[in-house]
Amino acid sequence: MKIYQKLLLGFILISLLVLLVGSISIFSDDQISNDISQLVNSSLKEAEGAAKMNYALQKTQLNAQRLLSERLREIVEPAEAASAIVAATRANMEIHKAIVDFEKWLIKGREATNQGVVLAGKAGEKDQVKEEKEDLLILNNIGLQFTEYKAALSQFIVLTKEDLDDADEWLKDVVNPLLINVTQRVHSYQEDTEGELHAEAGEIREAAEGNTKIMLTTTAIALCMALILGLSSAHAITKPLVDLKIAVTAIGAGKLDTRLVVNSNDEIGVLLDSFNNMAKDIESANSELKNSQHQLLQTAKLASIGEISAGLAHELNQPLGTIGMIAEFATKLLDDSNFDRDNFRQKMQKITTQVDRATRIITHLKIFSRKEEHESEEKDINWIIEESLVLLKEPLKLCDISLDIELGDRLPKIICNYIQIDQVLINLIKNAQDSFDNFDNFDNSYNKLITVRSYEKNETICIDVEDNGSGMSESVVDRVFDPFFTTKPVGKGAGLGMSISYGIVKEHKGILSVTTREGKGTLFTVALPMKELT
Amino acid sequence: MNKILLIDDDKDFNDTLKEFLEYEGFSVICAYNGKEGLSLIRKEKPDLIITDIVMPNVDGLEVLVELQREPLSFPTKIIAISGGGRIDGEYYLDTAEAFNTDYTFEKPLVVGELLKAIRELLN
Ligand SMILES: Nc1ncnc2c1ncn2[C@@H]1O[C@H](COP(=O)(O)OP(=O)(O)O)[C@@H](O)[C@H]1O
Ligand SMILES: [Mg+2]
């Protein structure tokens with residue numbers, strides 16, 4: 001999966017969670033307002049009905065009183081008997097109507113409460129069931145009391161037809177107390193309903209609180225998930241980047257075989273892949289470079305051999321000439337009548353010495369031009385210096401240049417590839433020699449001098465190659481280590497000596513430095529670490 | 001006895017040749033560079049000078065130039081030897097010939113021929 005897809009998915013998940021939280025809260029808000037309006041409606045209706053009924057019942061008392069007084073008027077004032085009978089009948093009717101209404105209300109109330117019990121039972125709301133059952137009990141009680149009252153009232157109406165005094169007494173002593181009983185119960189029922197309203201309001205508040213809790217919890221969960229998503233995608237991005245950084249550092253430090261493990265095909269996977277490709281390219285380019293560097297080194301080596309071969313022929317001629325001479329001499333000695341054995345042996349030893357001298361030159365040349373890489377070994381720096389001078393002494397002599405060699409005493413050995421160090425020295429001394437070429441700043445008595453020194457300094461073994469030749473201008477010394485930089489005519493210098501020497505010294509973890517003064521001379525110093533080298 | 005002066009910076013060569021010539025019955029003195037050679041010439045008045053041409057400081061050619069510039073008050077023969085190392089070694093010898101040398105040789109040298117030349121020049 002691509003990173004942007006991962007991120008997209010994360011955001012979609014978070015949005016969905018937010019949507020869920022939102023709809024839950026909207027839904028439960030709706031529920032609450034429904035609950036409220038239902039509750040208010042039913043409770044109000046019930047309370048209203050109860051109040052109405054109480055009022056109607058209280059009116060029956062008045063009507064009963066009126067019935068009684070109309071009966072009395074009918075008897076006491078016969079002239080008004082007709083109107084009194086009409087009024088009494090009306091009162092009677094109203095009483096009757098009130099009774100019927102009350103009964104209807106009672107039945108309705110019972111039915112509603114019964115239904116409430118069933119519904120609450122189905123919904124499993126035990127408290128509600130209990131409440132509704134209590135209501136039913138109250139209503140039943142009211143019904144019982146009311147039946148008693150109704151009976152008493154019927155008796156009263158019968159009595160009004162027989163004996164008014166008895167009726168009056170019955171009304172006062174029996175009917176009215178019963179009525180008060182009923183109205184009180186209805187009143188308390190009314191109060192109960194109001195109480196229920198309060199209780200349910202509390203429940204609703206609780207529900208609202210629960211709702212808030214749910215919202216808070218879902219929000220917290222959403223937050224946690226967002227956090228986890230964010231962290232995991234951040235980790236998915238940063239972990240490979242950190243690995244990449246480490247790998248880049250490793251490559252920079254020369255560990256070119258460094259590769260990264262690619263286990264995703266997102267943008268970072270692609271990045272790591274191209275890093276690996278790059279590392280591969282660098283590695284192969286580096287080995288190619290090493291190859292061509294090696295070839296260049298070889299070429300430069302052969303070039304130096306070319307440069308010194310003139311002196312070499314002369315150098316070889318010397319021992320050869322001497323050997324020839326001794327051989328002839330020895331032959332003569334053999335012919336001598338009194339053959340001197342010791343003298344002859346001495347001559348033979350001299351030949352051996354000269355052969356050694358010639359061999360040394362040839363060996364040096366052979367080792368020097370051989371193509372295989374030489375291993376590093378422990379060598380005495382002074383020995384290397386002497387060795388490199390084997391091929392150089394003669395050319396210097398030919399150019400009238402004095403060579404001053406100041407070798408340090410008892411210098412510790414160094415571990416190096418001596419053929420390479422040899423080559424550095426030859427390059428330096430050849431350059432010093434060349435520095436006198438176009439330097440006509442001096443008269444015939446000028447002593448052209450090259451000094452080679454070896455000494456120990458700050459844990460390093462140093463070799464100085466100093467000349468009192470032309471020196472270098474700033475623009476030349478700035479580029480002296482650049483490959484192919486030369487101020488010499490075509491055929492004389494390839495401009496490789498110093499850059500290759502610099503490379504060799506660096507490979508030995510050493511430093512090749514230069515100080516020069518134009519018209520005065522130049523000092524090159526090779527500083528090599530005393531121990532350690534690969 | 002004929003006195004021969006050898007001028008050559010190669011000590012091995014010089015010493016061997018000296019021994020050889022002494023064995024042949026000559027009196028030999030050695031100089032190891034041109035400067036020393038010049039002073040020995042004036043001091044020892046040798047009958048024959050054998051000089052290498054290419055040497056540090058004052059080289060053999062300069063010895064010849066010097067002798068040309070200020071001729072000696074006594075007769076002297078001169079044999080010039082070149083190292084022959086340089087491609088232009090022969091050129092040096094040609095130049096030497098121009099300076100009235102009696103014989104020129106190239107290294108490596110055949111001593112028999114040198115002896116023949118010495119004998120011829122000194123008798
Ligand atoms: N000892 C020196 N004195 C004066 N100039 C020097 C010396 N060593 C090097 N240089 C300058 O540095 C240049 C580069 O040297 P190098 O790399 O050896 O190449 P090359 O010798 O083939 O020219 C030379 O051409 C020369 O101008
Ligand atoms: Mg050079």
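This is a predicted model: local features need pLDDT of at least 70, side-chain atom pairs count only at pLDDT 80 or more; totals for chains, interfaces and linings use all residues.

**Exercise 1.** Determine how H2(A) and H3(A) are oriented relative to each other.

*Solution.* H2(A) and H3(A) are roughly antiparallel to each other.

Step 1. In chain A, helix H2 covers residues 81-123 and helix H3 covers residues 126-162. The two pack at an angle of about 160 degrees, and their axes lie 9 Å apart.

Step 2. Angles over 145 degrees count as roughly antiparallel, and H2(A) and H3(A) are therefore assigned to that class.

Step 3. The crossing of H2(A) with H3(A) is left-handed. In their contact, 15 residues are nonpolar, nine are polar and six are charged.

**Exercise 2.** State the strand order of the open sheet in chain B and identify its edge strands.

*Solution.* Step 1. The sheet has five strands in the order S2-S1-S3-S4-S5, with parallel pairing.

Step 1. Strand S2 (27-31) and strand S5 (103-106) of chain B each pair on one side only, and are the edge strands. From one strand to the next, the twist averages 20 degrees.

Step 2. Strand S1 (residues 3-7) of chain B runs parallel to S2(B) and is joined to S2(B) by five bridges. Ile7(B) has Ala31(B) as its bridge partner in S2(B).

**Exercise 3.** Name the strands across which helix H5 of chain B lies.

*Solution.* Helix H5 (residues 111-122) of chain B lies across S1, strand S3 (48-52), strand S4 (77-82) and S5 of chain B. Relative to S5(B), H5(B) runs at about 170 degrees.

Note on methods
Residues are numbered from 1 along each chain as its sequence is written. Chains are lettered from A and ligands numbered from 1 in the order in which they are written. Side-chain values use heavy atoms; hydrogens and water are left out. Two strands pair if DSSP finds at least two bridges between them. Helices (H or I, at least four residues) and strands (E, at least two) are DSSP runs, numbered from the N terminus. Axes are lines fitted to C-alpha atoms, for helices over the stretch in contact, and angles run from 0 to 180 degrees between N-to-C directions. Contact means heavy atoms within 4.5 Å. Angles under 35 degrees count as roughly parallel, over 145 as roughly antiparallel, 65 to 115 as roughly perpendicular and the rest as oblique. A crossing is left-handed if the near helix is turned anticlockwise from the far one by less than a right angle, and right-handed if clockwise. Ala, Val, Leu, Ile, Met, Phe, Trp, Tyr, Cys and Pro count as nonpolar, Asp, Glu, Lys and Arg as charged, and the others, Gly among them, as polar.
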